[in-house]
Amino acid sequence: MTRDVGFDDFLDAVEAGDPQYLVDNDGRTHLPPMPYDPATGEKGLTERPVPEPGEILTHTTTQIATPQFEDDTPYVTAVASFGPVDITGQLRDISPENVEIGQAVTLGVERSETRDERVLVFYPA
Amino acid sequence: MTDVRIAGVGMTPFGRHTERTGRDLFAEATARAFTDAGVSREAVEEVFFGNFMGEFAETQGHQGPLAAEMAGVQAPATRLDSACASSGAAVRYGVERIRAGADVVLVGGAERMNNLSTAGTTEALAAAADALWEVRAGLTFPGAYSLMANRYFERFGGDREDLAHISVKNHANAVENDLAQYQHTLTVEEVLNATTISSPFGLYDCSPISDGASAAVLVSESFAAAHNLDAPVRITGTGQGSDTFALQDRESMVRTPAAERAGDAAFAEAGIGPDDVDIAEVHDCFTVAEVLALEALGFYDPGEAIGAARRGETTVDGRLPVNLSGGLKAKGHPVGATGCAQISELTKLLRGDHVNSDVVPDAEVGITHNAGGTVASCVVHVLEVDG
């Protein structure tokens, strides 16, 4: 699969244990790719480490998936808050019925069952 | 600023028309609209056409001139993609074009979906989400709205049964509507016991996969008068809003500021407010979407619309009947056709020639709310009928 600049770099950083988010001149936070400050057009936002663990804000268990994940069902997708940024990922190492809002999670990268592609995941902390 | 009148509207029946092409469907919708309008095709000065997934479903891009050709119109033609709000955007561009000096504009949209598998359609619809942060995490559209619903429950309360009443209401509204995909009732128990698609949504929380087309002939006030057209419905307000693309980047997952901005703009243009609206057609692609729409348009405070259908406030005999057409849930949701279909149904409701007009005989003001993606885009129109 062809790499997507910024996003795949973020996955690389998660695998290396050092994911970074971005802060612009006005203090607003972003996830990559965001090569320019959207307010000023200036290049080069400040990188900051994503604080872990995060906390699940909401989640859903998907039964009917896109072809990219049809052999992965059922799986849990969640949005979790990691301090100043929220991140979307799949929950691993927990049964769907045991997932709770507010649960602490850490970041990881796994491969999908269907297409063996990298997926941003959460593990229970 | 000239008033924009709706001279005629037309829709195909929405449903499962697996072998019918988008172009075939649009030809039927426009033929119906021109017949309804009593306006010649030669008078059309521009065409705006909504379509979202033509490349996925029919390997067909560049659909503007194709749509004009199928309508029998020789005029500049442009396709608009705003996901499920594509033909709402087409209507808005038509309104603005007439305000800029045109006399006759054809607007509408079409979508063919059922020739794809369910997985294929799910993939195509997911293209309206963030391809990096959402789709690569396995998020589908039912999944995205499920995230919003579960967040809403956590923030404001409410439950699946509240949402089920929305589905029951909209199915009941569609029973006599021959253009609707589903003309049967549902019970709350049937909604709650349906197969889970993406928790908390069961099958009957989700709008169906639909094929269909819609069209409207918009004219200037002066053209309507000069040609003695019977066009009593005017578009008095139009608004469009955008929001952060991915859910994770939003300040709140239980508010839809794109719809708030679109509604505010449309109300301001019309010089009215939510209290002046008699009926509404809102984008209930999933049951929770109707809740978010009613709150964004100011009919309810945040957290208050979840029980509106259950309390009977948005049913046919409620204070604000919502989705008398059956909504996307029962009328169907061929995504590129939906926004203009809302205009078509609301026009007939206000004119008095819709099958459900009898339940709102005094309705004079209506509103449409057409959302794209997880409401990263939204188009709102205010329609008023001559007294």
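At roughly what angle do the axes of helix 1 and helix 3 of chain B cross?

## Helix 1 and helix 3

In chain B, the axes of helix 1 (residues 22–37) and helix 3 (residues 63–71) cross at roughly 50° and come within 8 Å. Helix 1 of chain B is therefore oblique to helix 3 of chain B (under 35 degrees is roughly parallel, over 145 roughly antiparallel, 65 to 115 roughly perpendicular, and the rest oblique).

On the helix 1 side of chain B are R23(B), F26(B), A27(B) and T30(B), which meet L66(B), A67(B), M70(B) and A71(B) of helix 3. Contact here is a pair of C-beta atoms, placed from the backbone, within 7 Å. By class, this meeting of helix 1 and helix 3 of chain B has 6 nonpolar residues, 1 polar and 1 charged.

## About the model

This is a predicted model, where local features need pLDDT of at least 70 and side-chain atom pairs count only at pLDDT 80 or more, while totals for chains, interfaces and linings use all residues. Residues are numbered from 1 along each chain as its sequence is written, with chains lettered from A and ligands numbered from 1 in the order in which they are written.

## Where chain B touches chain A

Now to the partner chain. Contacts link 26 residues of chain B with 28 residues of chain A. Helix 5 (118–126), helix 6 (141–156) and strand 5 (196–198) of chain B each supply at least two residues of the side of chain B that touches chain A. Helix 6 of chain B gives the most to that side, with 6 residues. The side of chain B that touches chain A has 10 nonpolar, 11 polar and 5 charged residues.

Technical notes
Two residues are in contact if their C-beta atoms, placed from the backbone, lie within 7 Å. Helices (H or I, at least four residues) and strands (E, at least two) are DSSP runs, numbered from the N terminus. Ala, Val, Leu, Ile, Met, Phe, Trp, Tyr, Cys and Pro count as nonpolar, Asp, Glu, Lys and Arg as charged, and the others, Gly among them, as polar. Axes are lines fitted to C-alpha atoms, for helices over the stretch in contact, and angles run from 0 to 180 degrees between N-to-C directions.
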